[in-house]
Amino acid sequence: MLDKKLTLTAGARQEDNQRVKKHNTYRATVGYYIPESGTRLHTSYGTGFYAPNLGQMYYPNNVGNEDLQPEKSRSFDIGVDQSVIKNKVDVGTTFFRTNVNDMIAYINDAKYITAGNTSGSHYVNLASVCSEGIENTVTLHPSHELTITGAHTYARARDNTTDGVIQRSPRNTGSVRVTYAPDEVEGLSVWGKARAASWSKTSNTAFVGGYTVVDFGSSYQVTDWAKVYGRVENLFDHHYYTASPGYATAGRGGYVGPTLTY
């Protein structure tokens, strides 16, 4: 942070993969706060890299593809956050775009049917894929103890070569989170969250519809450097799919643990 208005961050990473050798990625962000109006402007740009895993290369029955190339991506976003109604309400909107070269995809196509692969399923590289969209958020502060945040994201992911919709990429996602930190118990925070997603139907995969699940959790600040937390994901054990029917996601799950800050 250069001053109370301007914030700059930058980071770089090098990955060394025995199959695809070394690759460098980086990310930079800029934020600027205007205290007179309660406005924050922000933008970021970064690159990404993903090497194919063992399952994608060597899955049996000719589903895997040993010739897969690593994914390389470039992404940026730009947005604005604004406080209104005497800091009781915060609204924000962000536009984002990601371009991926050689995206690794799992597809079904009759041309891959062989004696050893009767399903036609196969991992392939898609030459160029673009995902772009907009995220909108609204945060309410009814009191200093209670915070309510709603978010909605619309995303459009398409194959630049065929203009086809990318499978397993939800068109709409959203969430509502309520956080309560009572004055009577200093350090305690309790929250509940409902999250949802829906897909657009594509011509080459079964329509998986949408889902809504609820999570619940709490944390307690024991000392300045130690906090304990617990959470339950998919509280009502809802059965839903993010791929084709038959590929169910995890049911109810619980997690507890400490967080230490030095």
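The chat below walks through a predicted model, strand by strand and residue by residue.

Biologist: Hi! What should I know about the model before we start?

Modeller: It is a predicted one, where local features need pLDDT of at least 70 and side-chain atom pairs count only at pLDDT 80 or more, while totals for chains, interfaces and linings use all residues. Residues are numbered from 1 along each chain as its sequence is written, and side-chain values use heavy atoms, with hydrogens and water left out.

Biologist: Thanks. What order do the strands of the sheet have?

Modeller: There is an open sheet of 12 strands, running E1-E2-E3-E4-E5-E6-E7-E8-E9-E10-E11-E12 with antiparallel pairing. Strands here are DSSP runs of at least two residues, numbered from the N terminus, and two strands pair if DSSP finds at least two bridges between them.

Biologist: And which strands stand at the edges?

Modeller: Strand E1 (6-17) and strand E12 (253-260); each has a single partner strand, so one side of each is left without a neighbour in the sheet. Neighbouring strands are turned by 15° against each other on average, direction ignored. For that angle, axes are lines fitted to C-alpha atoms, and angles run from 0 to 180 degrees between N-to-C directions.

Biologist: How many bridges join E1 to E2?

Modeller: 12, with E2 covering residues 21-34 and the two running antiparallel. They form a hairpin with 3 residues between them, and Arg13 stands opposite Thr25 in E2.

Biologist: What about E2 and E3, how many bridges there?

Modeller: 8 bridges, again antiparallel. Val30 has Thr43 in E3 as its bridge partner. This hairpin has 4 residues between the strands, and Gly38 takes a positive phi near 70° there.

Biologist: Further along, which residue stands opposite Ser175?

Modeller: That is Arg195 in E9. Strand E8 (residues 172-180) and strand E9 (residues 188-198) pair in the antiparallel sense over 9 bridges.

Biologist: Switching to side chains: is His42 buried or exposed?

Modeller: His42 is buried, because its relative accessible area is 14%; buried means under 20%, exposed over 50%, and partly exposed in between, using a 1.4 Å probe and protein chains only. His42 is in strand E3 (residues 39-50).

Biologist: What does His42 touch?

Modeller: Beyond residues up to four places away in sequence, His42 touches Val30, Gly31, Asp77, Ile78, Gly79, Val80, Asp81 and Thr94. Contact means heavy atoms within 4.5 Å.

Biologist: Then Thr94, buried or exposed?

Modeller: Buried, at 14% relative accessibility. Thr94 lies in strand E5, and its contacts outside four places in sequence include His42, Gly133, Ile134 and Glu135.

Biologist: Which residues other than glycine have a positive phi?

Modeller: Among them are Lys86, near 55°, and Asp102, near 60°. Lys86 lies in the loop between E4 and strand E5 (89-108) and counts as exposed, because its relative accessibility is 82%. Asp102 is within strand E5 and is partly exposed at 30%.

Biologist: Last one: which residues form the nonpolar patch on the surface?

Modeller: Tyr26, Tyr45, Phe76, Ile78, Phe95, Ile134 and Tyr154, with about 620 Å² of accessible area together. Patch residues have over 30% relative accessible area and no salt bridge, and nonpolar side chains (Val, Leu, Ile, Met, Phe, Trp, Tyr) are joined within 5 Å, like charges within 9 Å. A salt bridge is a side-chain nitrogen of Lys or Arg within 4 Å of a carboxyl oxygen of Asp or Glu, and areas come from the Shrake-Rupley method with a 1.4 Å probe. Phe76 is in strand E4 (residues 71-84) and is partly exposed, at 32%.
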